[in-house]
Amino acid sequence: MARGLELVISGLSLGGVYALLAFAMSLTISTTRVLNVAHGVFFVWGGAFFVILSRHLGLHPVLSIALLTLLFFFLALLFEWGIVRTLLGRSVHLLLVGSIMATFGLGLSMESALGYSWVTFVDPYPVFSSSLVMFPVHLGGVSLSGSRLVILAFVVVTVTAFHLFLQRTFLGKGARAMAQNFDGFLVIGLNPFRLSLILFSLAIVATAISGAFYVLAVPLDPYQGLPLTLKSFTVVILAGVGNLPGTLVAGALLGLAEVITSQFFGTVWAPAVSLAVLFLVLVFRPTGLFGKGLD
Amino acid sequence: MKALVLGSVALLGVLPFALSSSWLLVMFLSFLWLILTANYDILDGFLGYINLGQGAFFGLGAYVATVLLNVPQMQELGVLTYVVAAGSALGVAALFAAVMAFPLFRLKGLYFAIATLILIFLLQVLALNLAELTGGSYGLYVPPRFFMSTFVGYYLALTLAVAAVAVNWYLSRSTLGLAFRCIKGDDHAAGSIGLDLMRYKILALVIGSLPSAAAGVLFALNSGFIDPNIALGVERSLLPALMALLGGTGTVFGPVFGTGLIRIMETIFFHYLHLPVPSMLFFGLTLMLVALLIPDGLMRSPWIKRLPALRRLASV
């Protein structure tokens, strides 16, 4: 029972982080149709910069997060101006191809830049984890990892914030309109470029901060970004592109499935779960488990 | 144009006598990349599907051949060993392509691209975990007596690469290729004029899988060792797409130019410029700039049409 609860908590916190990654990705794909392959790399960069700021420079964690937000906001601006804006005018096929290619190139160079500078300037051991020790929480005789509960809380808060942004604010409604009917969106006089700038900065900043929270519980290495992108794709497609509440459920399901698989069949089979699930969903329910696809 | 093509092939035919062994290897590997790229373009350029799973056929070919070469009974067959190993590698890859075509072609666009990308990761996981058969992460050695020299490999790979480009050339001027282009233009319209869509799509995937699998066999025989990262690395799937896009998809010589340019770039970055910072950084940035600045690929870009020699090539 105690073991079961631990498994559920670690599965949910892992899945929650997947869900957040996928949430940001789903938001940008469904509105701009730009597929950001470097998405997971921003996540890893967020984790790395958090460790540098909070551990190696000794800053307060909250201050670190604030600086991180600022830094990744500027990176997101560069990303949107440099890449997304160039791609936006292209036809559907060329937009897809161009975005895969450009962001894959960006991801490769970001990965190697981080891997190289980490080993050269920060630490010869290329794995980063946070030194912030979370005390175990005792809950009815069960002791749970505190860092995992913090991650879970962060996921809940962020997803709620995203939800409120999309449902209540004018810009959020604009984003939903852009995803639902692009022509209609243009007709009522909204500016797609401005919205894409806002959405990409939100997505990238949220991704980087979830990276910072992730390293509290799980160590990351510089070359994990592109595999994480694939995992976040899994969740996006499992839920259906643009279906944000479904993303949360799908992320949690995937996290649980991975944790349970590595518990009972060994950790080597954990990556196979997401791949097999993704493949089966694509084949049998291309619109995602909860309907409403992009095409 | 005919003279240009025949001349380049003839030049490549005598090149090994003038090259050092390391350059021979670079050329051999470039031909393997060209095979993958030309095969990739059958689906992208002719059929309009973004296939990020081309490397799966390469890895499958390499693994099937190497596993068979390690079977003791197989080793007694003499020359027939190569034939059986390569034949089974091609057969397995073609079968894999034909079976996978059914689920894959229910999808299109982004979904098709991602589903094909998963293929290589799935095979990676299988190669890692079916350790009795594949050696897992330790990889698999080709028995030394079946090792193929780079000199022989060069000519085999060159022949195969010419054949792969010839397939695309055939597709560019045959009714089969016309049917593919019809499907690319409008799936429903192609169906309503009586084309059997599924048949053509399966055919395209199978045609594109055979040379790639053969390239995998050549690679395994030459390197003598394969593991999940070497034979089934994700760049085996992504680089062919990038090469074809750089050159221009749907043109016969686009993949050739794209492969050549990216290989030259790679060679310069990774072997010549001893940069103080990692070469991958510049390689990645170059890919990004190419994608942003040359959306249709070189063969369709207006400035290449101003060069008379290349204009002829670009029109195929």
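**Exercise 1.** At what angle do helix H2 (residues 21–47) of chain B and helix H8 (residues 150–172) of chain B pack, and how far apart are their axes?

*Before you start.* This is a predicted model, in which local features need pLDDT of at least 70, side-chain atom pairs count only at pLDDT 80 or more, and totals for chains, interfaces and linings use all residues. Residues are numbered from 1 along each chain as its sequence is written, while chains are lettered from A and ligands numbered from 1 in the order in which they are written.

*Solution.* 
1. Helices here are DSSP runs (H or I, at least four residues), numbered from the N terminus, and strands are runs of E with at least two.
2. The angle between H2(B) and H8(B) is about 20°, and their axes lie 9 Å apart. Axes are lines fitted to C-alpha atoms, for helices over the stretch in contact, and angles run from 0 to 180 degrees between N-to-C directions.
3. Angles under 35 degrees count as roughly parallel, over 145 as roughly antiparallel, 65 to 115 as roughly perpendicular and the rest as oblique. H2(B) and H8(B) are therefore roughly parallel.
4. By class, their contact has 20 nonpolar, five polar and one charged residues. (Ala, Val, Leu, Ile, Met, Phe, Trp, Tyr, Cys and Pro count as nonpolar, Asp, Glu, Lys and Arg as charged, and the others, Gly among them, as polar.)

**Exercise 2.** Now describe how H5(A) packs with H8(A).

*Solution.* 
1. In chain A, helix H5 (residues 146–168) and helix H8 (residues 192–217) meet at about 165°, with axes 8 Å apart.
2. That angle makes H5(A) roughly antiparallel to H8(A).
3. H5(A) contributes Ser147(A), Arg148(A), Val150(A), Ile151(A), Phe154(A) and Thr158(A) to the contact, and among the partners from H8(A) are Phe213(A) and Tyr214(A). Contact requires C-beta atoms, placed from the backbone, to lie within 7 Å.
4. Sorted by class, the contact residues are eight nonpolar, two polar and one charged.

**Exercise 3.** Which element gives the largest share of the side of chain A that touches chain B?

*Solution.* 
1. Count first: 33 residues of chain A are in contact with 31 residues of chain B.
2. Helices H3 (61–87), H4 (92–122), H9 (225–239) and H11 (270–284) of chain A each give two or more residues to this side.
3. The largest share, 14 residues, comes from H4(A).
4. For confidence, the predictor gives the complex an ipTM of 0.82 and a pTM of 0.84.

Notes:
Two residues are in contact if their C-beta atoms, placed from the backbone, lie within 7 Å.
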